[in-house]
Amino acid sequence: MTPPGGGFKGTGTGMEVTDKSVFPKIARMLKGCTGLFCVTGAGVSADSGLPTYRGEGGLYSDKMTEEGIPIEVALAGDMLKENPAITWKYLSQIEARSRKASFNEAHRVLAEMEKFFEVCILTQNIDGFHTDAGSGNVIEIHGNIHDIFCTECGWKDTVKDFSSLVIPPLCPKCAGIVRPAVVFFGETLPYRALQKLYYETDRPYDVFMSIGTTSVFPYIKEPIIRARNMKKATIEINPDCTDVSDIVDIRVSMGASEALTGIWRAFNEL
């Protein structure tokens with residue numbers, strides 16, 4: 001019987017900035033694992049045509065909006081309460097960019113992995129692509145942009161996109177402010193998603209991947225840090241250096257779709 005992680009024990013001290021030559025090594029780690037915990041960010045959806053947030057050319061690279069305020073202020077919970085038109089203006093622009101997009105090979109590969117071992121995905125993305133691709137155990141820690149509700153009476157709906165909405169939308173029942181079920185800047189994380197995260201990180205996953213995320217939030221980098229401390233195998237897939245780059249065992253310096261497709265091809269060749 002192959003030991004968990006293909007016999008690989010993570011140390012967090014032998015970081016490799018590498019290319020596709022490492023795919024067979026990662027494939028062997030996956031071949032011997034019983035469970036994979038993945039942390040994903042905007043980079044996973046980049047190949048679907050969605051912009052990243054903080055990388056080069058990302059959505060937040062130019063901090064100021066037309067109103068002369070940072071995008072984080074425009075997309076803050078306080079702004080939604082004070083001036084929902086501003087929040088919805090930029091929210092609808094973000095949604096419009098993703099309207100014709102769909103899941104890509106990175107999402108597909110992660111869903112395919114569930115046929116071979118247990119997979120949990122903690123995602124910051126609000127596009128719903130992981131679930132659309134077929135992944136069954138997804139923690140949408142920042143919510144889903146397609147689920148909307150009234151902040152006054154609790155009316156709820158799920159929409160395919162925002163094309164049929166008047167911006168800013170008002171509740172059809174009470175004319176209250178409608179918002180998507182996503183976490184805006186300055187807001188707390190959803191209780192149920194947090195509880196599921198705590199539950200999953202206590203389970204015996206033996207390989208941990210950080211994919212397409214800058215890992216700036218503590219709750220995003222914490223699973224990787226915790227895995228490193230427990231000597232679990234840790235892998236990062238990102239073309240840019242991030243807040244966890246110097247602690248992972250293997251760092252693959254490329255985009256999510258290219259890396260995951262190559263790793264999965266190597267896995268199936270074993």
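## Burial and aromatic pairs

Reader: Why is phenylalanine 267 called buried?

Author: Phenylalanine 267 has a relative accessible area of 2%. Buried means under 20%, exposed means over 50% and partly exposed lies in between, with a 1.4 Å probe and protein chains only; phenylalanine 267 is therefore buried. The model is a predicted one, in which local features need pLDDT of at least 70 and side-chain atom pairs count only at pLDDT 80 or more, while totals for chains, interfaces and linings use all residues. Residues are numbered from 1 along each chain as its sequence is written, and side-chain values use heavy atoms, with hydrogens and water left out.

Reader: How many aromatic pairs does the structure hold, and what makes the pair of phenylalanine 117 and phenylalanine 267 edge-to-face?

Author: There are nine aromatic pairs. Rings of Phe, Tyr and Trp (its six-membered ring) pair if their centres lie within 6.5 Å; planes under 30 degrees apart count as stacked, over 60 as edge-to-face and the rest as tilted. For phenylalanine 117 and phenylalanine 267 the centres are 6.0 Å apart and the planes make 75°, so the pair is edge-to-face. The two residues are 150 apart: phenylalanine 117 sits in the loop between helix H6 (105-113) and strand E3 (118-123), and phenylalanine 267 in helix H10. Phenylalanine 117 also counts as buried, at 7% relative accessibility.

Reader: How do you know that the rings of phenylalanine 217 and tyrosine 219 are stacked?

Author: Their centres are 5.5 Å apart and their planes are at 0°, so the pair is stacked. Phenylalanine 217 is partly exposed at 23%, and tyrosine 219 is partly exposed at 21%.

Reader: Which residues do ring pairs link into a cluster?

Author: The cluster consists of Phe116, Phe117, Trp264 and Phe267. Tryptophan 264 is placed in helix H10 (residues 256-269) and counts as buried at 5% relative accessibility. Leaving aside residues up to four places away in sequence, tryptophan 264 touches Val109, Glu112, Met113, Phe116 and Phe117, where contact means heavy atoms within 4.5 Å.

## Helix and sheet

Reader: How do you know that the span of helix H5 agrees with its number of residues?

Author: Helices (H or I, at least four residues) and strands (E, at least two) are DSSP runs, numbered from the N terminus. The expected span of a helix is 1.5 Å times one less than its number of residues. For the 15 residues of H5 (84-98) that gives 21 Å, and the end C-alpha atoms are 21 Å apart, so the two values agree. Buried residues of H5 include Trp88, Tyr90 and Leu91; among the elements covering them are strand E5 (143-150) and strand E7 (178-182).

Reader: What is the order of the open sheet of three strands, and what makes E6 and E7 its edge strands?

Author: The order is E6-E5-E7, with antiparallel pairing. Strand E6 (156-158) and E7 each pair on one side only, which is what marks them as edges; two strands pair if DSSP finds at least two bridges between them. Neighbouring strands are turned by 35° on average, direction ignored. H5 packs on this sheet, touching E5 and E7, and its direction makes about 55° with that of E7. Axes are lines fitted to C-alpha atoms, for helices over the stretch in contact, with angles running from 0 to 180 degrees between N-to-C directions.

Reader: Why is strand E9 called largely enclosed?

Author: Five of the five residues of E9 (233-237) are buried, so the rest of the structure largely encloses the strand. Ala233, Ile235 and Ile237 lie on one side, and Thr234 and Glu236 on the other. Strand E8 (207-211) pairs with E9 in the parallel sense over five bridges, and phenylalanine 208 has threonine 234 as its bridge partner.

## Backbone details

Reader: Is serine 215 buried or exposed, and what is its phi?

Author: Serine 215 counts as buried, at 1% relative accessibility. Its phi is near 60°, a positive value in a residue other than glycine. Lysine 231, in the loop between H9 and E9, has phi near 65° and is partly exposed at 45%.
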